[in-house]
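Some labels rest on cut-offs.

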Amino acid sequence: MDPLISAIVPFYNVEEFFDPCLSSIARQTYDRFEVLMVDDGSPDNSRAIAQRWAERDSRFKIITQENRGLGAARNTGTANAAGDYLMYIDSDDLVAPRAFEQLLRSLEQSGSDFAAAHIWRLPLTRPIEPSSAHAEPFGERRQRTSIREIPLLMRDRMAWNKLWRRSFWEAGEFFWPEMKFEDFPVTIRAHLEAAAVDTLPDPIYVWRERPVGQSISGQGKELGNVRDRVEAARMVLDTVDALATREVRELVHSHLVDVDLREVMGSMVVGADADQPEIDRLTRCLVTRIDPSLVRLARPELRLAYRAALENDMATVRAIAGKRAGLGNLPRTKGELARRAPHALAERAGSYAAKVSPVRARAAKLVDRRTAADRLVFRILLPVDKRLAERGKVTGELGALEAQVHQAVVADGLLCDLAFDTLDVATTHGFQQLTVRLTAGPVRLEGHVTATPDLLAGVHRAGYWVQGMVRHGRFGVERKRRVVLADDARVEAGNLVLRLSVPTGTLVVEQPWPSTGVECQVVDHHAVIPLAVLIGNDPPDNPHTLIASRRLCLRTITGDEPIRLSGDGIRVQVADRDVELLRSDDASAFLTHRPLPAS
């Protein structure tokens with residue numbers, strides 16, 4: 001059967017990451033695809049890895065060219081593609097197992113020109129995380145939308161989180177420029193010329209950060225890369241200024257200050273001395289192409305650097321670049337701004353003037369909770385030194401409700417019990433954040449409370465369920481008119497048995513779209529989930545951690561209602577997976593499975 005999707009994977013010096021990349025593609029739930037591995041004259045062992053894949057899986061094919069760069073390799077792959085859809089994958093990244101299925105299903109339903117999805121970032125020094133830049137434009141699943149409806153799609157500047165309809169690609173005569181940072185000029189033009197695009201909220205791609213010098217983005221401070229970055233920005237602006245609305249233009253011009261000018265400034269700090277005159281010239285080329293009336297969305301210190309560069313005040317630009325790199329000081333006072341950046345004094349001095357607040361932020365931690373029919377008690381630890389702990393007085397509020405407080409000095413600070421009447425809490429509307437304050441003479445500390453999911457208390461009162469939850473890292477409570485509770489969990493003969501507060505219904509173990517999830521009937525307050533069957537047909541979403549996390553809901557005529565876990569969770573081994581029932585930040589029940597811990 002002919003392939004429907006052509007996945008184009010150029011490779012050059014990626015032997016450390018290449019096999020995991022190809023493995024993630026091979027695990028796709030949709031299998032009618034070909035993988036065109038374009039050898040861009042790679043001098044390392046990557047070619048041998050590609051050869052092994054081509055020998056054991058006929059869908060994997062090798063194409064060879066002399067080293068010409070990523071853009072040229074993508075174009076070579078496109079010219080040899082047989083599929084009706086194109087996907088460009090970088091050889092050091094990973095693809096989620098449902099990526100092809102989700103993108104293709106969306107395009108087949110919608111008829112859009114291309115589909116794009118949320119992604120993960122895999123930093124060098126932090127755990128894998130959803131990309132903050134993609135969170136807003138890909139916040140929900142939409143079909144037949146566009147950058148005119150979602151202007152923040154201008155942030156979607158990469159090639160690889162998309163499935164392109166080949167007929168759209170060829171009709172627009174798209175190609176990848178043979179330069180670095182080639183993605184943004186192509187993707188922004190595609191967004192502006194497309195009649196319709198689809199957006200998917202599930203992350204489908206892992207963008208791996210590599211050590212400096214190993215990737216194009218990691219080489220961004222080198223002069224050649226600075227030159228290409230500025231040329232790519234010029235191409236973007238030519239397209240945007242010709243085709244985009246003013247709202248999109250303002251977002252793009254400001255974004256180029258926030259991202260591209262920032263990166264060019266970084267080369268002023270680490271670039272070779274001999275390159276600095278050319279870097280100055282390129283900086284001027286960039287800023288003079290950006291419209292000064294369209295940069296108000298940029299960060300204040302980068303806007304200041306932009307204004308300075310416009311006036312050829314490169315000393316101020318370098319001072320800001322050095323400060324951002326931890327090597328110097330930004331101008332902080334109005335006087336300093338007048339001396340070092342007179343062009344920016346009028347409306348910007350106030351934002352850099354030193355500010356002294358009488359209240360200092362200090363977060364506390366929820367360490368225990370007690371619930372009763374008439375009383376909620378939250379035990380929090382406020383980390384302060386011994387002097388403040390002995391002198392300070394703590395107050396607490398849950399929304400507008402004042403707590404009865406009992407405090408005691410401990411080795412780590414102050415241990416405080418904050419007590420509230422559940423009837424008072426049950427009469428409030430919306431999320432009520434828990435806030436603590438400490439006063440010790442002239443010192444005032446104020447902060448929110450953090451909490452782990454195992455400490456999210458819930459209690460019935462006055463016809464409501466009062467539920468502890470965490471929003472944006474901050475603990476509080478919210479009343480619920482009706483909830484479905486799971487108050488007991490056990491494993492019997494390989495099945496997870498849950499006791500629920502409803503006598504009948506349909507429990508759903510949610511799975512990513514387009515799946516409708518796995519259904520289990522609730523009979524006499526109990527639901528039985530066959531764990532081996534569930535896990536065997538549910539590949540993990542995250543191709544790096546290999547973790548799947550599935551919310552449990554009760555299906556109703558108005559939609560799926562989350563099940564709250566009021567009892568204890570459970571953990572069990574099923575085949576080669578570690579399975580756990582636990583709470584999320586809003587106390588919803590989740591069933592997760594992951595690889596067993598290394599022994």
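**Labels and their cut-offs**

Q: Why is Ala-575 called exposed?
A: Ala-575 has a relative accessible area of 67%. Exposed means over 50%, buried under 20%, and partly exposed in between, with a 1.4 Å probe and protein chains only. Ala-575 is therefore exposed.

Q: What kind of model is this, and how are its residues numbered?
A: This is a predicted model, in which local features need pLDDT of at least 70, side-chain atom pairs count only at pLDDT 80 or more, and totals for chains, interfaces and linings use all residues. Residues are numbered from 1 along each chain as its sequence is written, and side-chain values use heavy atoms, with hydrogens and water left out.

Q: Where is Ala-575 found, and what is its phi?
A: Ala-575 is in the loop between β32 (570-574) and β33 (577-583). Strands are DSSP runs of E, at least two residues; helices are runs of H or I, at least four; both are numbered from the N terminus. The phi of Ala-575 is positive, about 55°, although Ala-575 is not a glycine.

Q: Why is Ala-462 called partly exposed?
A: Its relative accessible area is 47%. Ala-462 lies in the loop between β22 (458-461) and β23 (464-471). Ala-462 also has a positive phi of about 55° without being a glycine.

Q: Why does Val-425 count as buried?
A: Val-425 has 2% relative accessibility. The limit is under 20%, so Val-425 is buried. Val-425 sits in helix α16 (residues 422-426).

Q: What does Val-425 touch, not counting residues up to four places away in sequence?
A: Contact means heavy atoms within 4.5 Å. Val-425 touches Leu-376, Leu-398, Leu-401, Phe-420, Val-466 and Val-477.

Q: What makes a set of residues a nonpolar core?
A: The members are buried Ala, Val, Leu, Ile, Met, Phe, Trp, Tyr and Cys residues, joined through side-chain atoms within 4.5 Å. The largest such core has 62 residues; Trp-164, Ile-188 and Val-252 touch the most other members. Helix α9 (residues 246-270) gives the most to this core, with nine residues. A second, separate core of 38 residues includes Ala-7, Ile-25, Ala-115 and Trp-207.

Q: Which residues is Ile-188 in contact with, leaving aside neighbours within four places in sequence?
A: Ile-188 contacts Ile-147, Met-154, Val-236, Val-240 and Val-252.

Q: How do you know that β5 and β12 pair?
A: Two strands pair if DSSP finds at least two bridges between them. β5 and strand β12 (residues 205-208) have two bridges, so they pair, in the antiparallel sense. Leu-94 has Val-206 in β12 as its bridge partner.

Q: What makes a residue part of a pocket lining?
A: A lining residue has an atom within 4 Å of a pocket point; a pocket is an open set on a 1 Å grid over the protein atoms alone, with protein on both sides within 12 Å along at least five of seven lines. The second largest pocket is lined by 19 residues, with Trp-120, Pro-203, Asp-541, Ser-549 and Arg-550 nearest its centre. Strand β30 (residues 548-556) gives the most to this lining, with four residues.

Key
1 Å grid on protein atoms, 1.4 Å probe; cavity = no way out; pocket = protein on both sides within 12 Å on 5 of 7 lines; lining within 4 Å.
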